[in-house]
Each structure stands twice: as C-alpha cells, then as structure tokens.
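I opened my notebook to look up a helix, a strand and a loop residue. Here is what I wrote down as I went along.

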Amino acid sequence: MRARPGRVTIYDVAERAGVSISTVSLAVSAPHRVRPETRERIVAAATALGYRMTAGRRVGAARIAVAAPFTTYPSYLRRLSGMLRRARDAAVDIIPYDLDSAASADEPLLDVLPTRTDVSGLVVMGVPLGGAARRASRAARIPVVYVDVVPTRADVGGPVVLVDDRDGGAQIGRHLAELGHRRVLFVHEPQRSEAYVSAGMLRIDGLEEHVAVTRLAVSHPASIDDRVFRAALAADATAIVANHDQFAAAILSAQRARPEHDRLAVVGYDDGEVAAALGLTTVRQPFEESGRTALELVLGLVSGATASHETVRLAPTLVARASTLVPAASAAGEGVRNAPR
C-alpha cells in the first residue's frame with residue numbers, strides 16, 4: 001500500500017526512473033547487479049525527489065558508506081576497524097560495500113556507488129571512482145574521501161589519505177642494500193590496467209632508488225611455486241620482496257620445502273600477527289590510523305566543519321626480522337657484494 005500523500009516513496013522513485021520497484025530495491029541492496037545506466041537513472045530520480053531511506057537508521061546518526069576490496073585484501077578490514085573504533089565516539093552508522101580488486105579489472109574504476117541516496121558521505125578505499133560514480137556523488141551532494149587511491153585530475157574534489165608507499169619501498173631498498181643485496185625480485189599480483197597508479201608501482205619506484213628490481217606477477221599466494229625461485233635465479237637476485245605479506249608468507253612456506261633456496265632473503269609489506277609469527281621482515285602500515293583519519297575527514301565534510309581537500313600522508317615503518325638476517329654474500333657468493341647498483 002502506498003504511503004500518505006506528500007511522502008516520497010520507493011514507488012515514486014520507480015515511476016520517475018521508469019523501472020520496477022524490485023529494480024530500485026536491488027539497486028540499493030546489490031548495486032553491482034544493476035546496469036550502470038539504470039543505476040544512474042535511479043540515483044537521479046531519487047535525488048530529484050529527495051527520497052531518503054530511514055529503516056534501521058539511528059536518529060541523528062550520519063550514514064557513511066565505505067567501499068573497498070575487503071575480501072581480497074585483509075588490510076582493508078584493518079582500516080575499517082580503525083573507522084569502527086572512531087565511530088564509537090560519534091553518532092555514525094557505517095555501511096561497508098565489498099568491491100573487486102582494481103588490479104584484476106580492465107577498467108579499475110568504481111561506478112557502483114553511491115546508489116543509496118540516504119548516505120551522508122562516502123569513503124572509497126583502493127579503487128578509483130569512475131565517471132558515473134563521481135557524477136552521482138556530485139548530484140546527490142555526497143562528499144567523498146579517498147584512501148589508498150593516488151589522486152588524478154579526474155578525482156580532484158575530495159580529501160585523500162595515503163600511506164607513503166614510495167618511502168616504504170625505499171626503506172626496504174636501503175635495508176637490503178646495507179646487507180649487500182644489489183638485485184631483488186619483486187613479486188606482485190597482475191595489474192591489468194595502467195589507468196591508475198597502484199601502491200605496488202610506488203613501492204617499486206622506492207626500491208629502485210637502492211637496488212635493481214626484476215618484477216614477477218603471480219595470480220594468487222596459493223600459486224607460489226618453483227617459478228618464483230627460478231625467476232630469482234635468472235635475475236641474479238639475492239632477495240625477494242613481496243607486494244604484501246600474503247605473498248611473502250607463501251614464499252617462506254615454499255622456501256622451507258626447498259632447502260636449496262633458504263638463503264634468499266624475503267621481505268613483505270603490511271605487518272601484522274602473521275608477519276611477526278613468521279619472523280618476516282616487512283613494512284608496517286598504519287592501517288587503523290588511516291581508517292580513523294578518513295572517517296574524521298568525511299565527518300568534517302558532512303558537518304560543514306571543514307572544506308579541506310588536502311592529501312594526508314602517513315608514514316610506514318620498516319620492521320626488520322629474521323627473514324633478512326642472511327647477508328647477500330652468503331646467498332649468492334662474495335661477488336654480489338661488489339656488484340654495481
């Protein structure tokens with residue numbers, strides 16, 4: 001039954017957008033299952049009518065949508081936990097959306113959100129916004145804060161929270177160079193598109209300030225096999241640097257099953273309980289701090305307390321452990337120590 005006259009309902013949105021009520025509902029609950037042009041039409045209709053969903057909402061609470069590849073990279077869950085801790089001290093409802101990894105997409109742009117027009121603000125982590133999502137957020141006047149997304153001219157318009165990945169790579173490079181390493185193998189997931197600057201690209205840039213780098217793309221940690229060690233041998237590398245700790249842990253596991261490769265140094269990136277348990281040298285990212293900072297920024301924009309569009313850069317920290325204790329000369333002979341950089 002329709003609501004009393006004067007109140008905008010889902011029926012009104014469906015009628016204006018020229019779609020069924022079920023399509024409007026699907027666009028809210030599972031936006032990735034609705035065609036982009038249909039989503040845009042629904043957002044435009046809801047925005048024009050002033051439609052807001054209120055079911056289950058806390059009175060006076062700001063609703064913040066958070067979109068990230070949560071199930072692909074556990075690190076984004078740690079960022080989310082920083083937001084949740086900060087949200088305890090404020091009237092904030094956080095709505096998470098799981099996304100595909102940008103690295104696996106031909107067009108790594110987020111065009112799904114914001115379909116819900118009842119959100120007060122949007123935090124996007126790890127995936128750049130596409131044109132449709134930017135247009136929708138502007139039409140709905142929803143402020144956007146980016147995390148772990150290197151800004152481009154198209155993205156200008158919202159604050160950005162970044163961990164300095166170039167510096168993180170440089171810290172690894174300096175550490176390995178001090179141990180006598182001159183050539184390293186960098187293991188990372190395939191990046192299908194060059195349309196954005198990934199964290200891995202920046203880490204390689206930092207590494208190359210101190211050591212020579214050969215790259216190897218690996219689809220998944222479970223696919224780590226002898227190919228990694230053959231690639232290291234072919235590159236005359238004495239250390240393997242992984243783009244994140246999941247790859248590094250898999251490399252250590254494979255290495256322990258192959259004693260002939262146990263003198264290769266291994267470095268990860270992220271840090272956490274697994275890295276500490278494995279004795280893995282890695283770079284610690286301030287995940288929780290980045291999440292808390294992003295939430296504070298978006299709440300400031302929502303409340304009007306700030307109009308800042310600044311880029312906030314947080315510092316990573318190298319944590320040296322047992323996986324790099326073997327000097328390069330022991331791994332590949334004394335000649336490596338004297339090899340040119």
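This is a predicted model: local features need pLDDT of at least 70, side-chain atom pairs count only at pLDDT 80 or more; totals for chains, interfaces and linings use all residues.

**Notes on a helix, a strand and a loop**

Residues are numbered from 1 along each chain as its sequence is written, and side-chain values use heavy atoms, with hydrogens and water left out.

I took helices (H or I, at least four residues) and strands (E, at least two) as DSSP runs, numbered from the N terminus. Buried means under 20% relative accessible area (1.4 Å probe, protein chains only).

**Helix α4.** I listed its buried residues, among them Tyr76, Leu80 and Met83. At 1.5 Å a residue, its 13 residues (75-87) should span 18 Å, and the end C-alpha atoms agree at 19 Å apart.

**Strand β6.** In residues 183-188, I found 5 of 6 buried. Strands pair if DSSP finds at least two bridges between them. β6 runs parallel to β7 (residues 212-217) over 6 bridges, and parallel to β8 (residues 239-242) over 4 bridges. I followed Val187: its bridge partner in β7 is Leu216, and Ala242 stands opposite Val187 in β8.

**Ser323.** Is this loop residue buried or exposed? Ser323 sits between β12 (317-319) and α12 (328-332), and is buried because its relative accessible area is 13%. I also saw a polar atom of the Ser323 side chain 2.8 Å from the backbone nitrogen of Thr281.

Methods:
The expected span of a helix is 1.5 Å times one less than its number of residues. Buried means under 20% relative accessible area, exposed over 50%, partly exposed in between (1.4 Å probe, protein chains only). A polar contact is a pair of N or O atoms within 3.5 Å; within protein, one must be able to donate a hydrogen and the other to accept it, and residues adjacent in sequence count only if both atoms are side-chain atoms.
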